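Work through the following exercises with the sequence and the structure side by side, and try each task before reading its solution.

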Amino acid sequence: MSAKFWPDWLPIRPDLEGLSPYGAPQIDVPVRLNTNENPFPLTEDLQNAVSESMAVTLRELNRYPDRDAYTLRSALAQFINHKSGTHFESDSIWVANGSNEILQSIFLAFAGSALGFEPSYSMHPLIARVIGKDWIKIERDDKFQISKREINLALAHSDVKLFFITTPNNPTGTTTSLELIAELATGAMDRGALVVVDEAYAEFSAEPSAVTLISKHPNLLVSRTMSKAFAFAGGRLGYLIADPKIIQAMQLVRLPYHLSSLTQAAALAALSRAATLESDVIQIRRDREQLTAELIRLGLTVIPSDANFLLFGGFTTTPEIIWKGLLDRGVLVRDVGISGYLRVTIGSPAENKEFLAALGEVNRR
Ligand SMILES: *Cc1c(COP(=O)(O)O)cnc(C)c1O
């Protein structure tokens, strides 16, 4: 978007002039493997449970929702405790319209500059800029990992109050160990800074969640979402696990009644059936390993992934030509702007097959 895009009569903020809105292409093709959604729709049972839960809410739609989403936050606390053996109560949980809103609230509530380890989730610097925060980036190593070296480089930035780590990382699929996260949290605590761990893909990973570190490191915030493993991207429900004082800061910056009663009801119903979703996650993890092996068999490079997507490269031509060739064959993947690579979401078995067949055609040896 050029500066001329905005007419002279529009008092657009100067720091927004050159920005483009977030825009993963939404192209209507048969095989959409570009936004890391769960390929399996909710079961009919689950759809009915969500409908019933929302129908009850409709009777009171003339009333504002529970501002503090108490029931939903309690249910999420139980879900996390069950998964991670923790002891959180509802006062350690915050909820919002997708974890992007959670991230925005974090930027709104806390002072200082923010820092991330890139390549990573493109929305972190974008939301930071929209809020008017400085964003500092530390490059990951050549395997897209973070080591002690990068942690020390990050801690050398004394003006930073918000350190972001995405694990498993989007778009690379790589994980960061709890040990390193704890080290960053200790260094950050010494200077009154926070560490935000974006765990949008945690359910697909074998690593334990960073929520298990919060009791020892109260400056650690863990952001999660129902958009990926929960197959609930359209429902828009993100949540935060953190010290109750941090949750109180979130309440300062939230808009009143920001989470509709329909969203709260739908999310509660989806959450009550969490166990039935487990089999989909297991299948996606298994298919991820299989797709990795198949891509390697095609002579491609694959970054080992703990998420529901793969970053792959080593093409016989440019990623742009591969991307377009796949699209011409009805398969949409993501060009994430990493030189030589593309990202593909693990789809249903049929979708993965179509992707592989199309890729074999466009990446001719
Ligand atoms: C998908 C994603 C999110 C957020 O999604 P919401 O739908 O807003 O919950 C957050 N962080 C990362 C790293 C993601 O990939």
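**Exercise 1.** How many residues does the largest nonpolar core have, and which have the most contacts inside it?

*Solution.* This is a predicted model, in which local features need pLDDT of at least 70 and side-chain atom pairs count only at pLDDT 80 or more, while totals for chains, interfaces and linings use all residues. Residues are numbered from 1 along each chain as its sequence is written, and side-chain values use heavy atoms, with hydrogens and water left out. A nonpolar core is a set of buried (under 20% relative accessible area, 1.4 Å probe, protein chains only) Ala, Val, Leu, Ile, Met, Phe, Trp, Tyr and Cys residues joined through side-chain atoms within 4.5 Å. The largest one has 55 residues, and L72, F117, F163, L220, L237, Y239 and I241 have the most contacts inside it. A second, separate core of 34 residues includes F40, I284, F315 and F355.

**Exercise 2.** Where does N100 lie, and which residues does N100 touch?

*Solution.* First, find N100 in helix α3 (residues 99–109). Next, leaving out residues up to four places away in sequence, N100 touches (heavy atoms within 4.5 Å) Y121, M123, I127 and R236. Finally, the C-alpha atoms of N100 and R236 are separated by 9.5 Å, although these residues are 136 residues apart along the chain.

Definitions and conventions:
Buried means under 20% relative accessible area, exposed over 50%, partly exposed in between (1.4 Å probe, protein chains only). Helices (H or I, at least four residues) and strands (E, at least two) are DSSP runs, numbered from the N terminus.
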